[in-house]
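Me: Please take me through how one part of this structure is arranged, one question at a time.

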Amino acid sequence: MAEKNVAEFLLERLKAWDISTVFGYPGDGINGIVTALGKGEGPRFVQARHEEMAAFEAVGYAKFTGKVGVCMATSGPGAVHLLNGLYDAKLDHVPVVAIVGQVARTSIGGSYQQEVDLPSLFKDVASDYVQLVTVPEQLPNVIDRAIKVACARRAPTAVIIPSDVQDLEYSAPPHEMKMVPSSLGIEWPELAPDTEGLRRAADVLNQGKKVAILIGQGARNAAAEVQEVAELLGAGVAKALLGKDSLPDTLPFVTGSIGLLGTRPSYEMMRDCDTLLTIGSSFPYLQYMPDPEKARGVQIDVDATMIGMRYPYEVNLVADAAAGLRALMPLLNRKEDRGWREDIEDKVAKWWADMRDEALVDADPVNPLRVFSEFSERIPASAIVTSDSGSAANWYARQIRFPAGVRGSLSGNLATMGPAVPYAIGAKMAHPDRPVIAFEGDGAMQMNGLAELITIARYWKDWSDPRLVVVVLHNDDLNQVTWELRAFSGSPTVPMTQELPDVDYAGFAASLGLGAISVDTPDALGAAWDKALTATRPTLLDVRTDPNVPPIPPHATLKQALNTAKSAAKGDENAWQFIKEGLKVKAQELLPGHRE
């Protein structure tokens, strides 16, 4: 039997952990691993165009599978490039393992080419576990722990392997002192809540007359239980942005997203409730939560380090969401007065009517809300939807009505630009049989989305369902920052920082052999979506949208309105256009039949 070297054992160990895909970019710091990959016995290697994109692809893979994502990079600059994607994983609580090369052990500390102090570099982003492998006997324990810790803590971890170590003959840790053997596999428990805590939580919820429920991504596997508890309590359910796919928007009591990107029914429910039940969410913005002096609270979360830290909850239950709710239900009394629930359902129905009307407001040339509204009416069963940060996130949060079975995500807490397309690639590598749709602003598309179209063109023929639609909101403006300048700073737009060069995104996609559709009139949108969603190859949908349609929250503050007015007064060159469009959009909520 041929002896294995360290790199070959590494790939064998990853496969033993059921890791089938690694996202990365080669370099001489991982030549040993690349050589082992070339023998065809390791996980599939997906080559991104940039290490940051490889990290985002691993995050997307992990988000849409619930499994650990793995990314790989060379030493020095390659390792540095992983950081943004790994911080995205850290802040959104996603299990990702980064495997990175390092200069040879004899070079460490010698200011050698591409030498970076990688343990220090990764100390914060992979704070739960980062280790340097210096001898072969370390490897099984380090790899196993990196995977276990990533899954247990839902966090990124990092394993650093110097280039010369990769080529050493693998030797298992012997049965002797100072050796640390390891084992494969782990059986995860279903964390059940404390009995006394359950009783106290039920007392709080039973006494409430106007109960609101807030769920996050931690409730994704408890949809049936959340629905049943909401029915017992006569409650509405709002969703943190990362929990948008945790419960279908088609349920009449689901109020949608909460926060700056949230809906009016969510805002009003939180404002008016007397009791809050939070499940699997660490939503951080207190101003969108109930007034602590007017509402009591109960929280259920599997992570004891995150529970009770966002709101003065009266009862904090550490438990798996589904197990906690199942244990809680027998203690809850069904509320016979359904007035609160009926009022919520009425507001939700009006909200979706308003959203459709706002999407149909004329703009120059295309109202961006309509891009999302038309998609929402056509969303394929089992679709996976990704959104970039920026103005796209506003419409993703408020305009798309997720039915059951649809998944979706974006960069929640880091809110970084650029992950929508690599997330979509990670999703397709995990689920080649499902349609995937990525919404991108043109700023993010220029930042890195264009390059990753090359990755899509390379791999799409391997997918059983070829549909991957990349939608570009083409307005030649860094639109979210423009509106933040206006609303938060009272500043006019600064063209030299905000304007983008005009790019033919559809033309670039077509040059790669991808489908390409350009839209510059609103009436063409429906047919464009129909064509893209039935295409036999990945398709880019390039839509010329109006940058002056404001992403006005339904609960915009007086200060934000005044700041926007100040921006106009200070000479914003688009003042009349955005005032006109803002009035037209908001008027839809005030027309007869739209509000009580």
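**A sheet and its helices**

Me: At what angle does helix α21 run to β17?
Reply: Helix α21 (residues 525-533) lies across β15 (436-441), β16 (468-474), β17 and β18 (539-544). The model is predicted: local features need pLDDT of at least 70, side-chain atom pairs count only at pLDDT 80 or more, and totals for chains, interfaces and linings use all residues. Residues are numbered from 1 along each chain as its sequence is written, and side-chain values use heavy atoms, leaving out hydrogens and water. Between N-to-C axis directions fitted to C-alpha atoms, on a scale from 0 to 180 degrees, α21 runs to β17 at about 170°.

Me: Which strands are the edges of the open sheet?
Reply: The parallel sheet has 6 strands in the order β14-β13-β15-β16-β18-β17. Strands are DSSP runs of E with at least two residues, helices runs of H or I with at least four, and two strands pair if at least two bridges join them. Each edge strand pairs on one side only; they are β14 (407-409) and β17 (515-519).

Me: How many residues of helix α16 are buried?
Reply: Buried means under 20% relative accessible area, with a 1.4 Å probe and protein chains only. Helix α16 (residues 420-430) is mostly covered, the buried residues including V421, I425 and M429. The count is 10 of 11.

Me: How is α16 oriented relative to α17?
Reply: The axes of α16 and α17 (residues 442-459) come within 9 Å and cross at roughly 25°. Because angles under 35 degrees count as roughly parallel, α16 is to α17 roughly parallel.

Notes. Contact = heavy atoms within 4.5 Å. Buried < 20%, exposed > 50% of the residue type's maximum accessible area, 1.4 Å probe, protein only. Parallel < 35°, antiparallel > 145°, perpendicular 65-115°, else oblique.
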